Amino acid sequence: MIPEIGHYALILALFVALTQATFPMIRAARGNRAWMDMAGTASVAQFVLVTTAFGALMWCYVTSDFSVLNVAQNSHTNKPLIYKIAGVWSNHERSMLLWIFILGLYGLAMSLFGGNLPPSLRARALSVQAMISVGFILFILLTSNPFLRLDPVPTNGAGLNPLLQDPGLAFHPPFLYLGYVGFSMAFSFAIAALIEGRVDAAWARWVRPWTLVAWGFLTFGIAMGSWWAYYTLGWGGWWYWDPVENASFMPWLAGTALLHSSLVVERRDTLKAWTILLTIVAFSFSLLGTFLVRSGVLTSVHSFASDPSRGIFILGLLVAAIGGSMVLFAIRAPSLKGGGLFAVASRESSLLLNNVLMSVAAGSVLLGTLYPLFADVLKLGKVSVGPPFFNSVFVPLMVPVVIVMAIGPLLSWKRGDLKGALRRLKPAAIAAAVTAIITWSMSGGIGAGAALGLATWLFVGTMGELAHRLFPMRMTAVDFLRRVITIPRSFYGMTLAHLGVALVIIGITGSTAWKTEKVQVMHFGDTVKVASYDLTLKGVEEGVKGPNYVAARATFLVTKNGTFVAELHPERRMYDMPPRPTTNAAIHTNVIGDIYAVIGDPDESGGYVTRLYYNPLVPWIFIGAGIIALGGLVSLTDRRYRIGVPLRKVAMQPPQS
Amino acid sequence: MKSRLAFLLILLLMPNAARAVQPNEMLADPQMELRAREISKDLRCLVCQNQSIDDSDAELAHDLRVLVRQRLQAGDSDAQVEEFLVARYGDYVLLTPPFKSSTVALWMGPPFFLMIGGLCAWVVYRRREDKATSSDKKLTPQERERLDAMMPVHLPTEQTEGKNAP
């Protein structure tokens, strides 16, 4: 009964979405207020229906209702509750349901918080939002329905891939989707604005909070995925340029560019067409990312072709969404006249440089990710595009981005004083040079020296600007406190995000340049020195029972110069259902670096294969990424988004017809 | 023949779940082992999804790791080892795609994108320059009248606007 209710709610949601997608759009053109308001009501109804469907599926998972095919294929009664719930989004059909659930959530948010929007813009944006819903709900109902029943009912399910049974990964997809789907808001606003033919500072101010929300979630989601890879895959890597990772990284790059260019529209009323294009691109990458991962096209072209109904629907949806919006853009973009002029040395220029390089990076990642596919289809032969390609393209593009990241905030809008900015950055330049030389002479790595120098430049430069704003000359304590409060939160947000980037660079440098790895066979009592730590294998306990696995659990004693540091318990697990082995690394972190231990198979002499690593500075990759996301959050609380658009700007708009 | 026998023996002795580099695969000479690791990082495990043989748990990856080390011990240079594997498995085995006719679009893509980006930025500045010169022209008397009506204090706005532009 419950699955049928969910199924029925989904069908109802489709019809509500159809209504919401058409009538408000048509009626907005004629200025019919009642029909426009209907969009808001419809989005509430749709949220209720989609939530019902999502809840119904979750119910099936929690109660292990194996009469539902999808549950039987992916769940098991022995699975801990949290993974039963996480099971709701861990494969294709269900993750699509999570997608439209989040879309419904954003639609609800738009109708709740969109009270200060012009009614026609709001109606049109909600209408575009509903069009996306229609596409996705149709896709679910026609090609990947999660509510299909199974007869006869199996006694138990097939279980979930044990690699996915992990808290890090349980929450990774929802955050990623909150990011992907969040870009649909900016997209809907962009399409609505293109139809209305008006993009101005007020528009940018409405769109920016939604972009910040989406970008913050995406940043956090990617960081979480990377962290998961770091501690589960068992050799201390945290980024592999894997197509699945690239799929989430491309919308992030486009979103980062969008975040910066929308600032120019908001403050200076220029770069409008470009910003609109970026919103379309960011959302297109989100759609592409969702489907690249879920359709299996990346594994091989043939698996995609083996289920043509799904593949053709996906292609159709992509063509309609991306193609349609691009055509609309091509028609309307020439009418979007940019207002403000700016000099080469100006805040606008620094943001434009960020935009160009971020877009080139996103385009290159797309090319590298899809090239093996093209080569296969065009019969150019099988090609592998691996990490060396991406690193050699991505790193040179990011160097100027980081250099300008410290300069840009010091330049004023319109026409900046580049010489003055560079003068103020002198301490940063000196610190960077000193760091680079010390690193280079001590470790011999010229690349590591340059990278740490770059990070120092950004860190000191950003901190310097913060200090400059907080402590002008001759100032009392009261003045200082007043300053702390009056500096806009968006400035704090930017400072945090840029400092986060510096920390991430430090972490990446540490992990690539100074990682220590020891692989060997160890017997009980053997000690191996890793960096400055001594790791002693005390014992291995076989047959440790977990909720749905049996593990071999090792005990390592970690000491430094004879003093106790930590005890590590890496495990090698064998899951019951499906029966697959996993390695669970044990990590001891002191924030500066991680001691990372993995226990392998026993060998014939009674010893165990062990992999021991010291990963210096790696924690800073994740701490830095978290600070970047936090920066987005802080920026979101900026006063100007709470009080809305100042009246002066509204008064200057032409009267509504 | 002897090496092939040793190879088979290693295969038989291996537990079935091999995980990345195993101690018994490693060479005694640390210098040569380091070279082997570096080469391994650029070789694709052909049966995996986007993993190097250095990272992979697959049987095939193990075989290739052993093969790389055998070639090195036989006196091959790093390049010769890669050539040997490419001859066997094709370019697909290399994680860094070689620059040739089938990968021109791949390698030239990023510089091409950068050129387009640079061109776009150049157009933005040029258009702005045009606009800056065109905005130098005086306001029409009607516009001046409307502006005066809007602003209580007369400000020479058009001139500052013109000067500030590049």
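**Stop 1: the largest nonpolar core.** Select A:Ala13, A:Ala53, A:Ala186, A:Phe189, A:Leu253 and A:Ala254. These residues have the most contacts inside the largest nonpolar core, which has 183 residues. A nonpolar core is a set of buried Ala, Val, Leu, Ile, Met, Phe, Trp, Tyr and Cys residues joined through C-beta atoms within 7 Å. A residue is buried if 20 or more other C-beta atoms lie within 10 Å of its own, exposed if 12 or fewer, and partly exposed in between, with C-beta atoms placed from the backbone.

Now colour residues 201-232 of chain A. This is helix 9, which gives the most to this core: 20 residues. Helices (H or I, at least four residues) and strands (E, at least two) are DSSP runs, numbered from the N terminus.

The model is predicted: local features need pLDDT of at least 70, side-chain atom pairs count only at pLDDT 80 or more, and totals for chains, interfaces and linings use all residues. Residues are numbered from 1 along each chain as its sequence is written, while chains are lettered from A and ligands numbered from 1 in the order in which they are written.

**Stop 2: around A:Ala13.** Which residues does A:Ala13 touch, not counting residues up to four places away in sequence? Select A:Gln46, A:Leu49, A:Val50, A:Ala53 and A:Ile137. Two residues are in contact if their C-beta atoms, placed from the backbone, lie within 7 Å.

A second, separate core has 20 residues, including A:Leu537, A:Phe556, A:Tyr596 and A:Val609.

**Stop 3: two domains of chain A.** Select 1-163 for domain 1 and 516-616 for domain 2. These bounds come from an automatic or database domain assignment. The C-alpha centres of the two domains lie 43 Å apart. Where they meet, 8 residues of domain 1 are in contact with 9 residues of domain 2. The domain 1 side has 4 nonpolar, 3 polar and 1 charged residues. Ala, Val, Leu, Ile, Met, Phe, Trp, Tyr, Cys and Pro count as nonpolar, Asp, Glu, Lys and Arg as charged, and the others, Gly among them, as polar.

**Stop 4: chain B against chain A.** Show both chains. Here 37 residues of chain B are in contact with 40 residues of chain A. Pick helix 5 of chain B, residues 104-134: it supplies the largest share of the chain B side, 13 residues. That side divides into 20 nonpolar, 10 polar and 7 charged residues.

**Stop 5: all of chain A.** Zoom out. Chain A has 23 helices and 10 strands. Its C-alpha trace spans about 85 × 75 × 60 Å along its principal axes. Buried residues make up 51% of its 657 residues.
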